[in-house]
Amino acid sequence: MGRRAKRKQGEPEPLTFLPKSKSYKEDHTGKKRKLEREIDNKKVLELLNDDSTEFSENESANESANESENESENENENEIVSESESESETDSELDIEKKAHILDKEKKKEEELANAELQNNIEQMEKFVLPNTQDDENENENENEDNSDIQIIGRRIQDIVGVLNNFNKLGDKERGRSAYVEQLMKDMAVYYGYSDYLLEKLFHLFSVSEAVEFFEANEISRPVTIRTNTLRARRRDLAQALVNRGVNLEPIGKWTKVGLTVFDSSVPIGATPEYLAGHYILQTASSFLPVMALAPQENEKILDMASAPGGKTTYIAALMKNTGIIFANDSNKERTKGLVSNIYRLGVKNTIVCNYDGRQFPTVIGGFDRVLLDAPCSGTGVISKDPSIKINKLEKDFKLMPHLQKQLILSAIDSVDAKSSTGGYIVYSTCSVTVEENEEVVNYALLKRPNVKLVETDLDFGQDGFTKYRGKVFHPSLKLTKRYYPHVHNMDGFFVSKFKKFSNTFAENKENKDTEKVEKVKKGKIDENNKKNESSGKTNITKKSRPIEDELESLGLDGISEDNENESENLESDDDPSEEGSENELENLESDEEANEENCNLLF
Ligand SMILES: C[S@@+](CC[C@H](N)C(=O)[O-])C[C@H]1O[C@@H](n2cnc3c(N)ncnc32)[C@H](O)[C@@H]1O
C-alpha cells in the first residue's frame, strides 16, 4: 500500500510550493472557511429562494418529512418571496460581492507572495544535481538524521520541479530534461504510493507543475455533496431543514440548482429524517454532469446501461418528473440491490431495473430516445476515495477495460433510435482520467459508427477533451468532450461526451463497415446477432409504437411499483447472462486482446 495513502501525523506537509489553482485553494481553507460558513447560512437560504420551480408538482408534498407544510402555503410564500426577491437578492449579492472582493484581494496578495517566494527559492537554489549514486543518498540521510526517507524524497520532488520550471538556468543540459523528469516520476511514485506504471500514465496528462497539483489533490478528500431529489423536495426547503439540524452547507455552484456542499454536520448526513424520506441522495458533484449532458425529457424512453447503485438513474427520473420510462440496467446482480433500494427511497416510479450484460442490449430491447453509458472504468478520477487504485490497477486493466468500454459504447449507440422525435442522444462518461478509457473509446465509436457525431455537452465548465495525445491523433470533434479534474474543479476526475445519432443505418462508410464485419465475426455470438440486424440495414430497434407493457412482458419484467413487494426478486431472474460480474467479464476479454490492440490503433 502506498506510503502516502493517508497523511499521518509527523509526515511532511503537502507540497505547497506551487501556487494552487483558484478553486482548489478556495475550497480547502479549513477552519477559516467553517467560520465564514456559519455566518452566511442565512444568506445561503435567501439565495436559494429561486429554487421553487425545481419541485416536481406530480409528487405530493405530504411525503415530505418534518418540513411537510401545506404545499399551497409554500406556493403563496414563493409568490411573495419572488416579488421582493430581486431587491433582497441584490442586497445580499452586494454584501457577498464586497466580501468576495476583500477575499479576492487577499488571495491575490497571497499568490503574489507565493510566486515571489518561489522565484526567490529558484534564484537562490544552487544548481541542482540529480541524485546519482547510493553515496549521494547516504550523504543526504546523514545530513538530515531526523528526516525520514519520505521527507527527503518530498524535498527532492520540490527541487526537481524548481529546476524543471527554470531549466535553462538550473538544469544540467548534458543530462537533459528527460533525466530530471524520469527521476521526478520515480520519486513521486514513492512519495504518493503509486505503481510506477500508473504514475507515469497519469503524469503525462499534465504539465510538470500541474501533475504535482493533481497528485496532491488526490491526497485530500473532495467536499461532501448531496443532490436534492426534486421528486420529493425543494432545495431551499431541504437546505432549511438541514441547517435546522446543525448542518453547515451552501449551493455547490451556479451550474447546478439541485446540489449542496456539506461542510460539516452535527448529525450523520446519511441518516437524517430527510435522507430517509428520500429528499436527497449523497452524490459527488461530478456525477451530476453526465445526466445534465444527457438532458432527459419528460415522457421519453431512456436506457441507463450501467446504472448501479443508481445515483444517475434517480437524477434522470427526477428530471423526467417520473414520466416516460427508464431501463436501469447493470450486469452485476449484487449491485442492483442498492439500485432498487435507492429507487424506492427516492420515490422513483418510472424505472425498470434489469440485469443484462450491456453488450447484449440491442438484442434485448432497442428504440431508446437517449442512452447513458456511465461505463465501468479504472477509477483514476476517484483515487482520493479509493487509494488502493494507486497500486491495484495493472497494465492489463488498461487494456481490458477500454476493450469492454468499446464494446459497450457500440451497444449504447445501437440501442438508440435516430428517428426519436425528442432525442437520439448517447452520453458516454467515466470516472477515469486516462485517455485510453475516454478519448480513445469515443474516437473508436466515431470510427465504427459513422451514423453518430459528437455534439456539445452543454456543460458550461470543464476542460476540452484531447484531440491528440502522445503521438496519437483523434477526430477534431473530440474537443467537444469534457474533462474534470480534482485539482482544477475540486471534484472527482470525470469525463463526459455526448453523441447524436442521425441515422439508424451506417452504410455511409463502407470501408469501416467491412473492417467491422471481420472483427465482429472474430468476436462471436453477441456480435453475430448484431451482424444479422446490420445486414438488413438496421440496428436493433424495437418498434417505438409497441406498448411498454408488452415489451416488459416479453422480457419477463414488470415495473417497480410499491404494490409489488417481490419485484426485486423477480428482476433477479435466472436468465442473466452475466452473473459472474465484471471481474470475470474482463477475464473473458483476454482472448480478444489481439483484436483490442488492433482497435487501439484505429485512430483518425
Ligand atoms: C461507474 S459504475 C455505474 C455508476 C452508476 N451509473 C451510478 O451513477 O450510480 C459502472 C457499473 O457498470 C457495471 N458494469 C460492468 N460491466 C458491465 C456490463 N458489461 N454491462 C452492464 N453493466 C456493467 C458495474 O457493475 C457498475 O455498477
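Modeller: Before we start, a residue counts as buried if 20 or more other C-beta atoms lie within 10 Å of its own, exposed if 12 or fewer, and partly exposed in between, with C-beta atoms placed from the backbone.

Colleague: Fine. What kind of model is this, and how are residues numbered?

Modeller: It is a predicted model, where local features need pLDDT of at least 70, side-chain atom pairs count only at pLDDT 80 or more, and totals for chains, interfaces and linings use all residues. Residues are numbered from 1 along each chain as its sequence is written.

Colleague: Where does UniProt put the active site?

Modeller: The unreviewed entry places the feature "active site" at C431. UniProt positions are in the numbering used here, feature names are shortened, and annotations may be inferred rather than shown by experiment.

Colleague: Is C431 buried or exposed?

Modeller: C431 is buried, because 24 C-beta neighbours lie inside 10 Å. C431 sits in the loop between β9 (425–430) and α18 (439–448). Helices (H or I, at least four residues) and strands (E, at least two) are DSSP runs, numbered from the N terminus.

Colleague: What does C431 touch?

Modeller: Leaving out residues up to four places away in sequence, C431 touches C377, G379, G381, V382, D492, G493 and F494. A contact means that two C-beta atoms, placed from the backbone, lie within 7 Å.

Colleague: Which domain does UniProt list?

Modeller: The unreviewed entry lists "domain: SAM-dependent MTase RsmB/NOP-type" at residues 214–502. Over that range the chain is 30% helix and 22% strand. The end C-alpha atoms are 38 Å apart.

Colleague: And R483, where is that?

Modeller: R483 lies in strand β14 (residues 482–484). R483 is buried, with 22 other C-beta atoms within 10 Å. With residues up to four places away in sequence left out, R483 touches V433, G462, Q463, G465 and F495.

Colleague: How far is R483 from V243?

Modeller: They are 33 Å apart in space, C-alpha to C-alpha, and 240 residues apart in sequence.

Colleague: Switching to helices. How do α5 and α7 pack?

Modeller: The axes of α5 (residues 149–165) and α7 come within 9 Å and cross at roughly 150 degrees. Axes are lines fitted to C-alpha atoms, for helices over the stretch in contact, and angles run from 0 to 180 degrees between N-to-C directions. The two helices are therefore roughly antiparallel. Angles under 35 degrees count as roughly parallel, over 145 as roughly antiparallel, 65 to 115 as roughly perpendicular and the rest as oblique.

Colleague: Which residues meet there?

Modeller: On the α5 side they include I150, I153, I157 and L164. On the α7 side they include Y180, L184, M188 and Y191. The contact divides into 12 nonpolar, 2 polar and 3 charged residues. Ala, Val, Leu, Ile, Met, Phe, Trp, Tyr, Cys and Pro count as nonpolar, Asp, Glu, Lys and Arg as charged, and the others, Gly among them, as polar.

Colleague: What about α7 and α8?

Modeller: α7 (residues 177–192) and α8 (residues 196–203) pack at about 120 degrees, axes 9 Å apart. That makes α7 oblique to α8. M185, M188 and A189 in α7 meet D196, L199, E200 and F203 in α8.

Colleague: Which α8 residues are buried, and what covers them?

Modeller: L198, L199, K201, L202 and F203 are buried. Their cover includes α7, α9 (208–217), α16 (389–392) and α17 (397–414).
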